[in-house]
Each structure stands twice: as structure tokens, then as C-alpha cells.
Amino acid sequence: MPDGAPNHQAPQTPQTSPAPQDLISGGHLVAKALKAEGVDVVYTLCGGHIIDIYDGCADEGIDVVDVRHEQVAAHAADAHARITGRPGCAVVTAGPGTTDAVTGVANALRAESPMLLIGGQGARSQHKMGSLQDLPHVELMTPVTKFAATVPDTARAADMVSMAFRECFHGAPGPAFLEIPRDVLDGKVPRDAARLPRAGHYRASTRSTGDPDAVEKLADLLVRSERPAVLLGSQVWTTRGTDAAAGFVRALNVPAYMNGAGRGTLPPGDPHHFQLSRRHAFAHADLIVIVGTPFDFRMGYGRRLSPTATVVQIDLDYRTVGRNRDVDLGIVGDAGLVLAAAAQAASGRLETGTGRRKEWIEELRTAEEAAVAERLPLLRSDAAPIHPYRLVSEINDFLAEDSLFIGDGGDIVTFSGQVVQPKAPGHWMDPGPLGTLGVGVPFVMAAKKARPDKEVVALFGDGAFSLTGWDFETLVRFGLPFVGIVGNNSSMNQIRYGQRAKYGAARERLGNTLGDVPYDAFARMLGGHGEEVRDPAQLRPALERARESGKPSLINVWVDPDVYAPGTVNQTMYK
């Protein structure tokens, strides 16, 4: 502008930047959103893309448990959700960090476990430039989650975390995934520009009693039935409906079978608790109520139910009801609420102590006792190598009232499913229907972190332990004691049986034979307690010493490699 020319511009208002204390980073917004959801621990393996979340967690009082493999972090987040009823969270870096966690997320999907996996990503400014560990994470995660998205802007970080948690609880629970680019996570925005949902104000209750007319029809069926049976599946525990389920079977005098996390709904010895007579019951019942478990391979896709029985299915997910097998009545709703409503609707209409219903329960009890008697010699076997039935029987006798049992393996855990009986709800954990091996150590980690007052007893197959066993060191480092048992037959025995059945003895050990690993020495090397057992008489003393050690422990039990669980022998894939 020439000297002396008039200045027609408006006076400039001095621009001021927000004070540093008024800015907040993406990582800190994520941590605040996790805190609002009740997350008190995140499981992680570090990476440069994600460290601002750690900084935020430190400010919010959220524990950071660092593990040795991202699969372990994801499994632990899954387990945390199952144990607490609140969503779990794992945080992993981009690229291989996220792909390493895929198995844990997929396992949570099939197990209907609400967890959030947060993965890193390269900066948006480097999109499609080949930045470090750049992969299409959202596209990879979409098939194994209920929700997968990229956080597009720092101001949206907390909002997107809350959105992910809402999706986790839509219908049947499940996992969600968020990818957060590095510049979004590290970026800072004015606090008042970021939407930070308030705890308890961004999710509605998803609990539903189901269609009232359908509940009334279920009550009528229960009143008229002479030979009813109910299967209480994992959703009974997921919905924390165990008290209602126990009240239902007792009020209506219905024999109950339990699978998955539904185990422990009734304590051992309860007159309505049945375990080994399920095949007989489902073949002869006139009414079968399936609660919170799908007609998948564990149920023979529904074909194991009597074709003449009236079948009722109760589930959180509309898509599950009637899948693979027609049902006479389907109810979509919360397991506990539906069972409580049905019991109330049938109240006072059933003579529970007399007539055919009493004869039916006595028939099932006779079948149950016969199955136990047939197996008793193996449960007490003094053979060496140790019979797996003797091992799982000793474990069952060892469990205390508050012992949480975790099974991680193939054939050895199949044995345990017929013998081990948790004494309370929420005290049984297994991989779930995906059949993932390697969940044991991360499940122990989450169980002891969430419930330090509980004793945790874990049974591993030697093949299963090998997958994630190095995180035994994490248990030592964080002071998380448990009683661990490795049923060691130096084989992936469930597969070995199938190969023998299909291809003969000459090829039974092709691709499934392991080394004779002394897992007790491995435990001692990492600072834990370890013992070897070859004599069945030494099983209980070794278990007691592990309990008293106050350390993470492994008892290496050499079991007979040439015996197989009935469930292994009867798998249809080997026929």
C-alpha cells in the first residue's frame, strides 16, 4: 500500500490460542471415554502409534497391563468382559499389532463377549503412502466384529469410543474395533470442541422380557409338559440371569443341563442339576427349552433334539432363533427376564411333586447315576501314565467354593467338561464355540486382575499352553498367582485321534506330535512354582503345594496319550 493511502481494512482483533490447559489430546479423550464406560484396565503390547492412550490412562487411573503378544491382550479383554459383565479393552499398534489380535477378537465374536480393540494407524497425511505398519485394518476387522471404524478427527475420539461400546451391546454382545490414525491420537483440540459423552448417558438398557404373548405360551407349555428339559447356555451368565434361571427350574421342577458359561448356574448336588444324561433327556423329552445357546456343532445343529418334542428357543439375537432347526416357539429377550416372567406366569398352576413329572426326573437321575458308575473306575484309576479322567477328577475334588476353573485345550479339556463342576455361577471359562486354543494364560490374567480374591485353577493341554505360554512371565511380573495344570501327552491328541480314525495308525502322528517338554521347569525358570507328577497319588499333594505357593504355578502331569475323551471319539468330522 502506498505511503499515505487510507487503510480501509477493519481493525484486527488479536488472535489468541487456547491455553495449554484448555487443550486435550486424542489419547486422553480415549482414556476418558474408557473410564466413563467403567473400564479400569487395558491389555496392550506397546507401539509408537498408541502411546498417547497410555498417557491418558495414567491420568484416569486405568491400569495398563503389558503383555508379550497381541493375541493375549485381545483374549484378556474378552475374559475381562465375561468375568465382570463390563466391556474389556485391548490396545495394540498398527499393522502386525492389529493382525496379531484378530484371533482374540474372532473368539470374542463367537463367544458373544463385549470388548473393544483399539488399533493404531499411520497419520492421515500419509494415507496410501506406505507409512510404517499401514494396513486396511477396518476392512480386515469388519467380518469378525459387530462394528469397525476409523476415528476421523481428534474431536471425535471419545464420541467414537462411546459409539463402539453401544454397538458392542446391540442384540447379543460382541466385539468392536476402532482404528485411530497417529495424528488423530496425538493431535490436540480445545476441550469444549470435543464431544465427551457422560457416563451413563449414552447407552440405553437392552434388557427385554420378550413378547408377552410368547412368554404366556411358554408358561402354558411348561404347565402341560410331563417330560420337560432345559439347557441353560452362556447367555444366562452374560445377562446375569443365573438367579432367575435357578428359580425357574426349581419353581417349575424342570431338570436342567448347562453348557459354556451357563455352567455353575446350579451347584453340584442340586436336585435339578444334571450333566451326563443330556442325550437321554433330549431324546425322550416332550418339551425342550434352549436358553442362550445356538443350534451349532455343539448341539448337532439341532438334530440331537427329539423330532417329536416341542422346542422353545430363547436368545438375545433374533437371527439365532430357528437357525439350523425349526422351533415351535421363539422368544427374543434377556434370558433371566424371560425365565423369571415365564415362572411367574406359570406360578400356582403346576403340581410339581407328583405324577409323571416326578417319574421323569427320577428316570433322568437313574441315567445320571448309571453314567457316573460306569466311569468311576477310570476316575479312580491308579494307572501310569495317568488317565485323564483321574486327573480331572482330582481337579474337581480340589476346587474350593470360590475356585474359578479355566479350560484351555482339546482332548484334555473335553474330559474335564464331563467331570468338573463349578460350584457357583461365573466360575467356568472355556474358549467358546470358536474352539480357540491358547486362551488359558490370558484368561487367567484377566480373572486374577478383575477378581484378585478368587482362586483360579486352569487346565491346559500341552499344545494349547504352548501358544501363549510365554505370558506366564506376565503373570509373574504382575503378581497374579494361580494353580495351573498341564495335561501333557506330547501330542495334539484330539487331531491325532482323527487322523488315526481316517487314515490309520501309520499316519496318526503326522503333524501333531510335540516334544516332551518339562513345563514345570519352564514355570520355575520364569519365577513361578513348578512340579512334575507321574504318580496319580501325587496329584492332590501337588495341587495343594501349588495353592500354598502363592505364585503362578504349573504342575506338569504326564497323562496317557493313548486314551481319548468320548467327545473326541464322537466328533462327526472324523466319521
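These entries record what I looked up in a predicted model of one protein.

**Entry 1: overall form**

I began with the secondary structure and found 23 helices and 19 strands. I then turned to the radius of gyration. It is 27 Å, which agrees with the value near 25 Å that a compact globule of 575 residues would have. Along the principal axes, the C-alpha atoms fill a box of roughly 110 × 60 × 45 Å.

**Entry 2: surface, burial and charge**

I looked up how much of the protein is covered: 57% of the 575 residues count as buried. The accessible surface comes to about 23800 Å², and carbon and sulfur atoms hold 52% of that surface. For contacts with a separation of 6 or more, I noted that 75% join residues 24 or more positions apart. I also looked up the charges and found 58 positive and 67 negative side chains, with the centres of the two sets 3 Å apart.

**Entry 3: helix α1**

I next examined helix α1, residues 26–36, which is mostly covered, with eight of its eleven residues buried. After α1 comes Gly38, and I recorded its positive phi, near 95°.

**Entry 4: Asn259**

Where does Asn259 lie? I found Asn259 in the loop between β10 (256–258) and α12 (278–284). Its relative accessibility is 8%, and because of this Asn259 counts as buried. Leaving aside residues up to four places away in sequence, I listed the contacts of Asn259 as Leu231, Leu232, Gly233, Ser234, Arg278 and Thr293.

**Entry 5: aromatic residues**

I searched the whole structure for aromatic pairs, and the search gave twelve. One of them joins Tyr257 and Phe274; this pair is tilted, at 5.9 Å centre to centre with 40° between the planes. Tyr257 belongs to strand β10, whereas Phe274 sits in the loop between β10 and α12, so I noted a pair that links distant parts of the chain, 17 residues apart. Both Tyr257 and Phe274 are buried.

I then looked up Tyr389 and Phe415, which form an edge-to-face pair, 4.8 Å centre to centre and 80° between the planes. Tyr389 is in helix α15 (residues 388–398) and Phe415 in helix α16 (residues 411–419), so this pair ties together parts 26 residues apart in sequence. I found Tyr389 and Phe415 both buried.

Which residues form one aromatic cluster? I recorded Phe460, Phe465, Trp470, Phe472, Phe482, Tyr519 and Phe522 as its members.

Definitions and conventions: Residues numbered from 1 in each chain as written. Predicted model: local features only at pLDDT ≥ 70, side-chain atom pairs only at ≥ 80, totals over all residues. Heavy atoms only, no water. Helix = DSSP H or I, 4+ residues; strand = E, 2+ residues; numbered from the N terminus. Rg over C-alpha atoms; globule rule 2.2 N^0.38 Å. Buried < 20%, exposed > 50% of the residue type's maximum accessible area, 1.4 Å probe, protein only. Contact = heavy atoms within 4.5 Å. Areas by Shrake-Rupley, 256 points an atom, 1.4 Å probe, with all protein chains shown as cover. Lys, Arg positive; Asp, Glu negative; His and termini not counted. Charge placed at Lys NZ, Arg CZ, Asp CG, Glu CD. Phe/Tyr/Trp six-rings, centres within 6.5 Å; stacked < 30°, edge-to-face > 60°.
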